[in-house]
Amino acid sequence: MNGILPLWKPKGMTSHDCVFKLRKILKTKKVGHTGTLDPNVTGVLPICIGRATKIAEYLTEAGKAYEGEVTLGFSTTTEDASGETVEEQTIGEVIPRERILEVLESLTGKIEQTPPMFSAVKVNGKKLYEYARAGIEVERPTREVTIYEITLLDDRTEFMGETISFRFRVKCSKGTYIRTLAVMMGEKLGIPAHMSDLTRIESAGFKLDDCFTFAEVEGFMETGQTDDFLLPLERGLFHLPKFKINDKVARKVLNGAVLEQTGDVTAEKGVPFVMVDPSDKAIAIYQVHPTKEGLIKPVKVLAQES
């Protein structure tokens, strides 16, 4: 059993919970997720099965999209609705639509974020949430992420009330914390805020319409229809450059050979690319050799010679 399962992750489960449950359903240990999705978040979670686990890191690198809701008026310890209230503020003003749009525009592009204490980012070998649960505050590393686009999903011209909530859609790079983005929206408006709802609508090219629920996967397994929910691992490599090779070269690639960089292979140093055989099957991931001029070397061999 090899391929990618685009799973619809329900609320209340961690990414590891999903992997554990699928190992039981699929009766295989070779199951891996493609980056953590918070327990309170629903949505797209691509799962790699069998040989596809070799490319999990490349799916993690690809961009993501979310639809969420930010609530202005109070902040929380976890930056989402599950945490305890940290700061409250009654909103005594009417916020015009233009001001919110300006804030969203100011957060578009390359921005710096500090991960929340309740997150899986590691500091000195321990996850931040482990420090947080022990009541220990540690210095958190600031990271640069890219917000490609933020869209306001609310047609009001004015926003008012003791608390104010509005929905948004965001396309972003890996490593972006949408909880933190919601807090940053509030900071720019001068009002404490938190993320009150979130769904991941796209990850590594997989969208909501591609996803299967646990119940659907169980149904397919009972009837032996594994091909109905497993997608080829090539789907997870859509964002990488691809070079087609003939059967003779393919045999060398399957053996993990270091090859000469021909004029057809135009990749740059440090950028992985996919070698595909004449039938468009991805058989290996290569890169320009870091130290030997004019050569390319394998990073991972994906297919086994039959």
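Tutor: We start with a definition: two strands pair if DSSP finds at least two bridges between them. Keep in mind that this is a predicted model.

Student: What order do the 5 strands of the open sheet take?
Tutor: The order is 16-18-19-20-17, and the pairing is mixed.

Student: What makes strand 16 and strand 17 stand at the edges?
Tutor: Strand 16 and strand 17 each have a single partner strand, so one side of each has no neighbour in the sheet.

Student: How do you know that strand 17 and strand 20 pair?
Tutor: Pairing needs at least two bridges. Strand 17 and strand 20 (residues 295-301) have 2 bridges, in the antiparallel sense, and therefore they count as a pair. In this part of the sheet, Glu260 stands opposite Leu295 of strand 20.

Student: Which strands does helix 7 touch?
Tutor: Helix 7 packs on the sheet and touches strand 17, strand 18 (273-276), strand 19 (282-288) and strand 20. The direction of helix 7 makes about 75° with that of strand 19.

Student: Which elements give two or more residues to the lining of the second largest pocket, and how much space lies in that pocket?
Tutor: About 200 Å³ of space lies in it. The lining includes Phe243, Lys244, Val249, Lys252, Leu259 and Glu260. Strand 16 (242-244), helix 7 (247-254) and strand 17 (259-260) are the elements that give two or more residues.

Student: What is the lining like by class?
Tutor: The lining of the second largest pocket has 7 nonpolar, 1 polar and 4 charged residues. Lys and Glu count as charged, and Lys244, Lys252 and Glu260 are among the lining residues.

Student: Why is Ser75 called buried?
Tutor: Buried means under 20% relative accessible area. Ser75 has 13%, so Ser75 is buried. Ser75 lies in strand 5 (residues 74-76). Leaving out residues up to four places away in sequence, Ser75 touches Glu84, Thr85, Val86, Glu87, Pro192, Ala193 and His194.

Student: Why is Glu93 called partly exposed?
Tutor: Exposed would need over 50%, and buried under 20%. The relative accessible area of Glu93 is 36%, so Glu93 is partly exposed. Glu93 lies in the loop between strand 6 (85-88) and strand 7 (95-96).

Student: How far apart are Glu93 and Phe159 in sequence and in space?
Tutor: They are 66 residues apart in sequence and 8.7 Å apart in space, C-alpha to C-alpha. Phe159 is also among the residues that Glu93 touches, together with Arg99 and Ile191, not counting residues up to four places away in sequence.

Student: What is the phi of Glu79, and what is the phi of Ala204?
Tutor: Glu79 has a positive phi of about 70° although it is not a glycine. The phi of Ala204 is near 55°, again a positive value in a residue other than glycine. Glu79 is in the loop between strand 5 and strand 6, and Ala204 is in the loop between strand 14 (193-203) and strand 15 (206-207).

Student: Are Glu79 and Ala204 buried or exposed?
Tutor: The cut-off for buried is under 20%. Glu79 has a relative accessible area of 13%, so Glu79 is buried. Ala204 has 1%, so Ala204 is buried. For the whole chain, 44% of the 306 residues count as buried.

Conventions:
Residues are numbered from 1 along each chain as its sequence is written. This is a predicted model: local features need pLDDT of at least 70, side-chain atom pairs count only at pLDDT 80 or more; totals for chains, interfaces and linings use all residues. Side-chain values use heavy atoms; hydrogens and water are left out. On a 1 Å grid over the protein atoms alone, a cavity is a set of points where a 1.4 Å probe fits but cannot get out, and a pocket is an open set with protein on both sides within 12 Å along at least five of seven lines; lining residues have an atom within 4 Å of a point. Grid points are joined across faces, edges and corners, and a volume is the space filled by probe spheres set on the points. Helices (H or I, at least four residues) and strands (E, at least two) are DSSP runs, numbered from the N terminus. Contact means heavy atoms within 4.5 Å. Axes are lines fitted to C-alpha atoms, for helices over the stretch in contact, and angles run from 0 to 180 degrees between N-to-C directions. Buried means under 20% relative accessible area, exposed over 50%, partly exposed in between (1.4 Å probe, protein chains only).
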